[in-house]
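Hi there,

Here is the structure I promised to pass on to you. Have a look at it first, and then read my notes below.

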Amino acid sequence: MSSKTDNQSTRDNHYVPKMYLKQWSTNGHSILTYRLLVHHKNEPLWERTSIKRTACWTDLYTQHNQDKLDEVEHYFGTVETETAPILKKISLGKILSANEMATLVEFLIIQKARTPAAMKEHESFLDRYFVEVAGESVRKAQQSIQNGRHRSISREKLAEETLPFPLQPINIDINSEKREVRVEALRGRASFLAGIHSLISGQVATWLRNQNWVIATMPIGDTLPTSDNPVTVFAFNRENGEIMLNPPLKQNGCCVFFPLDPRHALFTEIGSDPIALANFAPDSYQANCFIRAIVINAFRYVYAKEKISNIETIRKRIVNPEIAEAEKFFISQWDKTQRRAEAEFGK
């Protein structure tokens, strides 16, 4: 159970669902974990972690300006509830219907968007393109002023269309007398949640839904790990064996890989022949490539049903107490700092 406030809102937001992580648990309560950021070198490589306490961030999705603080959490929960019996069918080796495959793809899209790794990627995008996007908004606003046109769009109406997610927190202040336009954006929780809506309702998600997808079954003896950033987009250089993360998504040879349990994954390869993809049966070499990609793509945690003996050769841990403590403090202060920033924004 997630912890609740007095008004029964969810506080502990599991950005990787508990029902999903249980696929890698031997007891339903804990999971083998390889931490990628540790305080000191003597910490064990692998340790058992409570599923209730891992991949969890207090108030990551909470919207304090909403009647229901945890509408986003409930939205994710609905998708998880629809997905859970499908994961069970896969583990039993049963064939899925087209609708069940579509539900899995939806689960993949949402999982890709909801993690701290996705938040970091979203903020990096804002840093790179905010000036360009803001400049375009300014040019349109200035053109409107020069032409003597004024169009008012109801923000309430726009907000209804993005529920349960907020609008992107951007303010555009137009001073007609001075012919000035000021653009202001807020980083953090509200922007991250708005970015989730943009991803799951945008062109990339639509394109992903239209790809050919298969359930790839690993060969006997090979088991997949997963991570706190489990949807992995990568390309494989067959000449040198190099894994290249996050190539252009529409590039031929780009793979999208989402482990569903230790032996199965949702998979597509862009540009592949549909018949060849439908008959794809990875061998041990390909399974090893998938394992490497999962580990390299992880954010802070790798999870496994059994220890990966050579995991340090795939990706070494960061041993840094200062960074580890700073990250722990940042998460502990997250809700307080976000509430303050959201209250001050636009004043």
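D59 is buried in this predicted model, because its relative accessible area is 1% and anything under 20% counts as buried. You will find D59 in the loop between β5 and α2 (71-91). Its backbone deserves a look too: phi of D59 is near 60 degrees, a positive value in a residue other than glycine. As background, most residues other than glycine have a negative phi.

A55 shows a positive phi as well, near 50 degrees, and A55 is not a glycine either. This residue sits in the loop between β4 (46-50) and β5 (56-58). Is A55 buried or exposed? With a relative accessibility of 1%, A55 counts as buried.

Several elements each supply at least two residues to the lining of the second largest pocket, among them β1 (12-14), β2 (30-35), α4 (116-146), α11 (321-332) and α12 (334-344).

Sorted by class, the lining has 17 nonpolar, ten polar and eleven charged residues.

Enjoy exploring, and write back with any questions!

Best wishes

How values were computed. Residues numbered from 1 in each chain as written. Predicted model: local features only at pLDDT ≥ 70, side-chain atom pairs only at ≥ 80, totals over all residues. Heavy atoms only, no water. Helix = DSSP H or I, 4+ residues; strand = E, 2+ residues; numbered from the N terminus. Buried < 20%, exposed > 50% of the residue type's maximum accessible area, 1.4 Å probe, protein only. Nonpolar A, V, L, I, M, F, W, Y, C, P; charged D, E, K, R; others polar.
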